Amino acid sequence: MEKILVNLLSNAFKYTPEKGKVSVVTTLENGRLKVSVADSGPGISKENLDKIFERFYSLPPTPSKGGGVGTSPLGGGWEGAGTGIGLSLVKELVELHRGQISVESAPGKGTVFKVSLPVGKESFLPEEVLKFDSSQFVSSTVDAYQSNNGQTDWRTAELKTDELQNWQTAELKPTLLIVEDNPDLRHFIAETMQAEYQIITAENGKIGRETAIEHTPDLIVSDVMMPEMDGFELCETLKKDERTSHIPIILLTAKAGQRHKVEGLETGADDYLTKPFDEQELMVRAKNLVEQRRKLQAHFAKMTSQGNNGMVPLTPNEVAVTSTDQRFLEKVAAAIEQNLDNEFFSVEDLASEVAFSRSQLHRKLKALTGKSPNELIREFRLYRAKELLEKGAGNVSEIAMEVGYSSLSYFTRSFKQAFGVSPSEV
């Protein structure tokens with residue numbers, strides 16, 4: 001549901017003009033949830049309506065009222081406009097849930113997407129209904145929900161259908177952003193990499209930068225020579241931005257000279273390939289960069305699980321990260337430290353402190369540490385409590401309050417789960 005709504009809303013927000021309108025209407029009728037997302041954007045012509053759910057479909061140029069190029073509701077200007085995978089993904093998810101999606105639009109009259117989903121068990125086969133332990137759900141809803149940035153789904157191991165297993169596998173694939181102005185090469189790279197990655201694309205450096213900030217991919221493959229913003233500038237910009245500085249980048253160029261290779265590496269690129277390149281070599285280089293990031297996460301997780309000698313686990317100087325990422329982690333640690341006794345300090349508050357959106361913060365911390373913001377806040381509190389208890393800085397109740405736990409029983413349960421002993425045994 002989150003992916004369906006986010007993609008439909010993102011589409012509406014992106015292509016509705018200033019002072020335009022986006023509306024969402026939901027109803028529950030006869031066992032079906034009906035959601036419509038409407039915008040006052042430029043609309044879509046009748047001949048293109050049947051094709052907008054196709055992956056990477058590009059809309060043809062259409063004259064505007066003034067005789068120039070019009071504005072597409074599906075990708076910036078009409079020139080090179082396309083649906084990417086967002087609407088295709090929405091359609092696939094709706095149909096997996098036995099639902100229907102339709103679109104109504106006309107040039108100059110905006111666009112309305114309508115989704116209808118069954119919500120009763122009777123609409124599904126018995127093996128398609130996933131079960132959860134209701135007692136566990138009630139006792140740990142807030143903690144587990146926040147720990148995964150709102151994406152916990154309470155599944156057991158009963159994934160019995162091929163569709164659900166394929167969906168779960170896709171969720172685990174790293175995301176690859178391909179930035180390439182040549183549509184044929186862009187599609188070729190996407191087809192080459194799609195078995196191992198979730199693919200998103202951008203047709204120039206400027207759109208690539210915006211897409212990288214919005215989606216925070218696990219890897220970027222970018223051409224060098226592009227309109228709007230070339231690959232060198234894109235790489236340099238992303239490496240200097242705290243929201244994207246951790247993302248590995250492979251640059252592709254037709255210029256084989258050593259000077260151009262050095263120039264690319266100086267902008268912060270992690271690897272460099274000369275066109276024409278061997279697709280197998282690209283796959284191997286991409287895999288190596290993603291594996292390096294996973295080793296960093298594993299190192300961080302190992303360090304925190306060992307308790308770091310009783311100190312707070314968020315210590316970036318212990319991990320091999322860039323200076324930009326280290327400064328970011330230090331800001332996160334400082335923000336949590338300053339709000340340690342505030343039991344209402346949330347992921348949203350932490351995101352605001354470090355000038356990120358909640359989703360950007362989640363993706364950034366997951367990429368660097370393998371942990372969600374809520375997991376880091378919780379671990380920070382518990383490790384600080386352990387340190388204070390070991391130093392005899394107060395009794396259990398006092399220390400629980402000091403690290404933001406108003407419920408002594410919840411503090412005791414969380415502490416024992418983390419360290420294997422109750423606070424009174426420390």
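**Reading loops, rings and a core**

Mentor: Let's start with Pro276, which lies in the loop between strand S9 and helix H10 (279–305). Helices (H or I, at least four residues) and strands (E, at least two) are DSSP runs, numbered from the N terminus. You're looking at a predicted model, where local features need pLDDT of at least 70, side-chain atom pairs need 80 or more, and totals for chains, interfaces and linings use all residues. Residues count from 1 along each chain as its sequence is written, and side-chain values use heavy atoms, with hydrogens and water left out.

Trainee: Is the peptide bond from Lys275 to Pro276 cis or trans?

Mentor: Most peptide bonds are trans, and most residues other than glycine have a negative phi. The Lys275 to Pro276 bond is cis, with omega near -5 degrees.

Trainee: Back towards S9, where is Ala269?

Mentor: Ala269 belongs to the loop that links helix H9 (258–266) to strand S9 (271–274). Ala269 is buried because its relative accessibility is 10%. Cys235 is 34 residues away in sequence, yet the C-alpha atoms of Ala269 and Cys235 are 6.3 Å apart.

Trainee: On to the rings: how many aromatic pairs are there in the whole structure?

Mentor: Six. Phe, Tyr and Trp rings (six-membered for Trp) pair if their centres lie within 6.5 Å, with planes under 30 degrees apart stacked, over 60 edge-to-face, the rest tilted. Take Tyr405 and Tyr410: the centres are 5.7 Å apart and the planes meet at 45 degrees, so this pair is tilted. Tyr405 is buried at 7% relative accessible area, while Tyr410 is partly exposed at 26%.

Trainee: Which lysine has its charged end over the ring of Phe419?

Mentor: Lys386, at 5.5 Å from the ring centre. The test is NZ of Lys or CZ of Arg within 6 Å of the centre and within 35 degrees of the ring normal. Lys364 passes too, lying over the face of Phe328 at 5.4 Å from the ring centre.

Trainee: Which residues have the most contacts inside the largest nonpolar core?

Mentor: Phe328, Ile336, Leu350, Leu361 and Phe411, in a core of 30 residues. Such a core joins buried Ala, Val, Leu, Ile, Met, Phe, Trp, Tyr and Cys through side-chain atoms within 4.5 Å. At least two of its residues come from each of helix H11 (323–338), H12 (347–353), H13 (358–369), H14 (373–390), H15 (396–402) and H16 (408–419). H14 gives the largest share, seven residues.

Conventions: Buried < 20%, exposed > 50% of the residue type's maximum accessible area, 1.4 Å probe, protein only.
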